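Hi everyone, thanks for coming along. I'd like to walk you through one structure today, so let me put it up on the screen.

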Amino acid sequence: LPRRRAMDALSSLISGDRRIRWTPPDHAECLATLLDLGVGSDLGPELNTITLDSLLQWTVAAPKEPLVFQALGEVLPVTFVRYHADEVLGSWMIKHGVTDPDCRQAMIWLKSHSLRNANRFEDAFNVINNWLSHRSNEPCLERERRELVAAHNERIRNRRVHADRFFRVTKIPTKEGSFSFVIPVQDQGRGPLLALKHYRLHDDAFPDHIDLTKRVIEKEADLLHNVKHDNVIQLYDVKDLPRGCVVMEWFHGRSLSDELSSTQLWPAQRILDLGYRVASALHAVTQKQESFVHNDLHPGNIMVDSSKLGRADWVKVIDFGLSDGADGSYYQWVAREKGIQRMPYRSPEVREDGEIGNRRSDIYSLGAILQHLTMGKPPEANEVLMLPPHVPAAAADLIRSMLAQNPEDRPDSWEVVADVL
């Protein structure tokens with residue numbers, strides 16, 4: 001519709017002109033058309049002539065229409081009370097005794113939309129995400145959450161300066177993990193290349209997702225703070241970073257999972273050296289925290305740099321965010337949504353029962369990685385392990401014991417594993 005005709009139609013509708021018979025689909029189409037024409041800018045002053053009360057009464061007439069919620073969310077914050085639209089709708093609902101759940105949904109949508117207009121993406125995400133964690137089949141809010149996730153992650157990905165001092169190095173691409181971005185930065189734009197780890201949002205999240213994700217990253221920083229080892233990724237000690245951020249050394253290499261995609265098997269000596277480096281690294285962490293369990297040991301969390309072969313630091317263990325199970329609910333969400341329980345590197349008791357692992361579970365995981373490097377595939381259930389003859393007998397016996405189905409039959413310390421390797 002031309003703008004003037006659209007405006008006249010809306011005015012007639014709200015004023016209750018009985019010459020026009022409107023039905024809910026017409027409501028939605030009319031408002032959607034106004035949005036397309038730019039209600040928030042060009043027609044905003046004209047909409048101010050329409051009373052808020054009438055507009056809300058009219059909107060409630062078609063509460064099941066997603067387009068009505070979308071339209072109300074666009075019009076109300078811009079035209080009436082820019083950042084307090086949810087409060088206005090809430091007060092109106094109390095005044096008129098409206099308890100319709102769809103109206104409450106509209107209020108949640110408006111609250112999120114108002115926060116988003118104020119660039120408060122995290123707060124907006126929390127409002128919608130906590131609502132959806134107890135409900136399902138609400139396409140308007142689910143769509144809004146997806147848009148918030150995309151907008152927030154895009155802002156983080158493209159930000160030039162983090163924490164007012166770390167400048168993104170644009171010639172090196174940002175790495176995107178399941179739960180965080182790893183952004184190449186330099187302190188004050190100079191000096192060594194560093195890795196800024198920043199949490200990312202998901203649209204399949206759980207209640208308090210942001211807070212738990214930040215706590216996981218902070219826990220990783222606390223764990224690594226006092227660990228100095230050639231094969232553990234090193235923390236760059238920075239104070240006053242925003243929550244959910246940590247700065248570490250940048251490792252020039254690629255993940256072991258990328259190496260495993262190659263059809264060429266490694267020599268036995270390189271495989272055993274990698275196993276020794278990983279076991280030594282985890283033993284060093286255990287010495288700082290006796291109860292330490294990595295809980296997420298797989299090829300994607302081991303970095304290698306083939307150009308450094310022969311040096312102690314050619315292997316790095318990374319991603320300690322799920323150590324000791326992190327927060328139980330976060331760990332269970334990771335296991336459920338990201339399929340960690342189905343990974344072939346998980347021990348049988350963790351994979352089958354969904355339990356948080358222990359040190360012997362981590363030892364199984366390293367054994368599975370060593371088998372994959374040796375045989376070209378990870379272990380299968382109840383498989384009889386036949387290692388090739390070029391693997392030394394003592395190492396072969398160790399790997400078999402690391403892969404024992406019964407946890408009590410596995411080595412009980414990283415020191416034992418490292419010594420044999």
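Let's start with two helices: α12 and α15 are roughly antiparallel to each other. That label follows because anything over 145 degrees counts as roughly antiparallel, and here the packing angle between α12, residues 268–288, and α15, residues 359–375, is about 165 degrees. Their axes lie 10 Å apart, and the crossing of α12 past α15 is right-handed. Do keep in mind that this is a predicted model.

Who makes that contact? On the α12 side we have Ile271, Leu274, Gly275, Val278, Ala279 and Thr286, and they meet Arg359, Leu366, Leu370, Leu373 and Thr374 of α15. Sorted by class, the contact of α12 with α15 comes to 7 nonpolar, 3 polar and 1 charged residues.

Three strands form an open sheet here, in the order β7-β8-β9, with antiparallel pairing. β7, at 254–255, and β9, at 315–317, are the edge strands; each has a single partner strand, so one side of each has no neighbour in the sheet. Between β7 and β8, the latter covering residues 302–304, there are 2 bridges, again in the antiparallel sense. If you'd like a residue pair to click on, Ser255 has Met303 in β8 as its bridge partner. And here α12 comes back: the helix packs on this sheet, touching β8 and β9, and its direction makes about 40 degrees with that of β9.

Next, another pair of strands. β5, residues 194–199, and β6, residues 245–249, run antiparallel and are joined by 5 bridges. Is β6 mostly covered or mostly open? Mostly covered: 4 of its 5 residues are buried.

Last stop, the loop between α10, residues 209–224, and β6, where we find Arg243. Arg243 is partly exposed, at a relative accessible area of 39%. Which residues does Arg243 touch, once we set aside its neighbours within four places in sequence? The contacts are Asp211, Lys214, Arg215 and Glu218. Take Glu218: 25 residues separate Glu218 from Arg243 in sequence, yet their C-alpha atoms are 7.5 Å apart in space.

Definitions and conventions: Residues numbered from 1 in each chain as written. Predicted model: local features only at pLDDT ≥ 70, side-chain atom pairs only at ≥ 80, totals over all residues. Heavy atoms only, no water. Axes fitted to C-alpha atoms, helices over the stretch in contact; angles between N-to-C directions. Parallel < 35°, antiparallel > 145°, perpendicular 65-115°, else oblique. Left-handed = near helix turned anticlockwise from the far one by under 90°. Contact = heavy atoms within 4.5 Å. Nonpolar A, V, L, I, M, F, W, Y, C, P; charged D, E, K, R; others polar. Buried < 20%, exposed > 50% of the residue type's maximum accessible area, 1.4 Å probe, protein only. Pairing = 2+ DSSP bridges.
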